[in-house]
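Subject: Structure handover

Hello,

Here is the structure for you to open. My notes follow below it.

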Amino acid sequence: MTAFASDFMRIIHERGFVDACTHAEELDALLNREVVTAYIGYDCTARSLHVGSLVSIMLLRWLQKTGHRPLVLMGGGTTRIGDPTGRDDMRKLLTDDEIAANMAGIQSVFAKYLTFGDGPTDARMVNNADWLDGLAYIPFLRDYGRHFSINRMLTFDSVRMRLERETHMSFLEFNYMILQAYDFLELNRRDGVRLQMGGADQWGNIVNGVELGRRCDGVSLYGLTVPLITSASGAKMGKSAQGAVWLNAEQLAPYDFWQFWRNTEDADVGRFLRLFTELPLDEIARLEALGGAEINEAKKVLAHEATALAHGEAAALAAAETARAVFEQGGVGEDLPTVTVPAAELAAGVPAPTLFTRAGLTASNGEAKRLIKGGGARLNDAVVDDIGRLVTDADLSGGELKLSAGRKHHALVRVEG
RNA sequence: GGAGGGGUGGUCGAGUGGUUAAAGGCACCGGACUGUAAAUCCGGCGGGGAAACCCUACGUUGGUUCGAAUCCAACCCCCUCCA
């Protein structure tokens, strides 16, 4: 591989961020010469982002750290149409208010990773609804449609696969790549954006934007994609027991976020350290080389670094402390999920299954009972073997008690009143 | 507009009148083994109930039947081919 002159290109190649790149040498030279504005587009279909987007977020962070300007493009315009590939999701068209709320939530996530502002390398967020909503069909077709060759578009993977499998593809979907290409052109005109980045699945769309820029305005635009991250055992990354691994504290507690990284598969540790932390490569090499149980130390480092980025140093330390108390000492920690029950209720006795469900460890009483029957439920570390077990204030120690579902999921119950 | 195929539990996918809360796979949860790992093995996997049992569920709404995810009708949606 070529030796890159720009910090950005060198670092992201070394760390495994690059799946594909257009004109890497030219881009490298450009990055070495001037401050480059680059963008990645995100849908605003949810209040937050999850770890599936984290690779690209880290990519923008590196961009900024190496002296360039990141731009976050929110798909406010495209979100309004609804993603045609999501069958059931098609119907729930989001209202403008919902989209605005989602954008605000996503911005708060980005605020942890990027510095926003008006300075030359400060990040900014833009919404493609600003220009897509007002497009007039005929002028748009005449000005831009002429530059798209159907013959060419049919050769793109996303389209070709659909055609080969003879599955339906709507005109709307077919237009997606055109709209996305237009976004790139528009951003170049508005903000001088030169580079679009995104997931590997976006390659075709990005290339279309690059070509549209050349055809319409004679500008050189660049594209770069990051690989789809799967775990070593092949699973798509980002699922936890509770569901998606969200990046905001409201939807996933920092402690659970920490636990997610702590439970990384051995084979993924090195790769994840390179992608999701900013530790020096030689340090990562050292951690990665740890064998056997020692690799757990590397996982703790990974958990700490990733959590510190998302939630701050203090939250990461608190999560680590709770994990240490719970797993290494069998005790309890402040960060465990906590529920309170009225003193009177506890005095009267609460059925164990009810308490497990209320603590969020099980989704229903039935599930709680199954958990107990399966021997996975514990109260203050003692196995609960009777689904009729009443929990009373006699079970309290130090004003609280610990419930456990399996070895990894714990919650605290406290009394109130 | 015409002809044909299809909509099943988180997902994929069987089932074509009753023992079907609905095979099997995946995902997920618990147990064993470990290192809060992987792999493997075991168990579980709609809700309520201590249990008997009750309720909800196979696109929607009606109907036939002692009884329907399964048959009929209308409607909605998806797909393939033709115009």
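Which helices each supply at least two residues of the lining of the largest cavity? Helix H8 (150–153) and helix H11 (203–217) do. Helices here are DSSP runs of H or I with at least four residues, strands are runs of E with at least two, and both are numbered from the N terminus.

First, the ground rules. This is a predicted model, where local features need pLDDT of at least 70, side-chain atom pairs count only at pLDDT 80 or more, and totals for chains, interfaces and linings use all residues. Residues are numbered from 1 along each chain as its sequence is written, chains are lettered from A and ligands numbered from 1 in the order written, and side-chain values use heavy atoms, leaving out hydrogens and water.

**The cavity**

There is one cavity of 30 Å³ or more. A cavity is a set of points on a 1 Å grid over the protein atoms alone where a 1.4 Å probe fits but cannot get out, and lining residues have an atom within 4 Å of a point. The largest cavity has a volume of about 70 Å³; volume is the space filled by probe spheres set on the points, which are joined across faces, edges and corners.

His147, Phe148, Ser149, Arg152, Met153, Asn208, Glu211, Leu212 and Arg215 form the lining. H11 gives the largest share, four residues.

**Arg262**

Arg262 sits in helix H12 (residues 254–262). Arg262 is buried yet has no salt bridge. Buried means under 20% relative accessible area, exposed over 50%, and partly exposed in between (1.4 Å probe, protein chains only). A salt bridge puts a side-chain nitrogen of Lys or Arg within 4 Å of a carboxyl oxygen of Asp or Glu. For Arg262, the nearest side chain of opposite charge is Glu328, 6.0 Å away. Lys and Arg count as positive, Asp and Glu as negative; His and the chain ends are not counted.

Leaving out residues up to four places away in sequence, Arg262 touches Asn296, Lys299, Lys300 and Ala303. Contact means heavy atoms within 4.5 Å.

**Helix H1**

In H1 (residues 7–14), the buried residues are Phe8, Met9, Ile11, Ile12 and His13. Their cover includes helix H2 (24–33), helix H3 (54–65) and strand S5 (195–199). Just after H1, Gly16 takes a positive phi of about 85°.

**Lys112**

Lys112 belongs to helix H5 (residues 96–113). Lys112 is partly exposed, at 46% relative accessible area. Beyond neighbours within four places in sequence, Lys112 contacts Arg61, Leu309 and Ala310. The C-alpha atoms of Lys112 and Ala310 are 6.1 Å apart, across 198 residues of chain.

Best wishes

Terms used
On a 1 Å grid over the protein atoms alone, a cavity is a set of points where a 1.4 Å probe fits but cannot get out, and a pocket is an open set with protein on both sides within 12 Å along at least five of seven lines; lining residues have an atom within 4 Å of a point.
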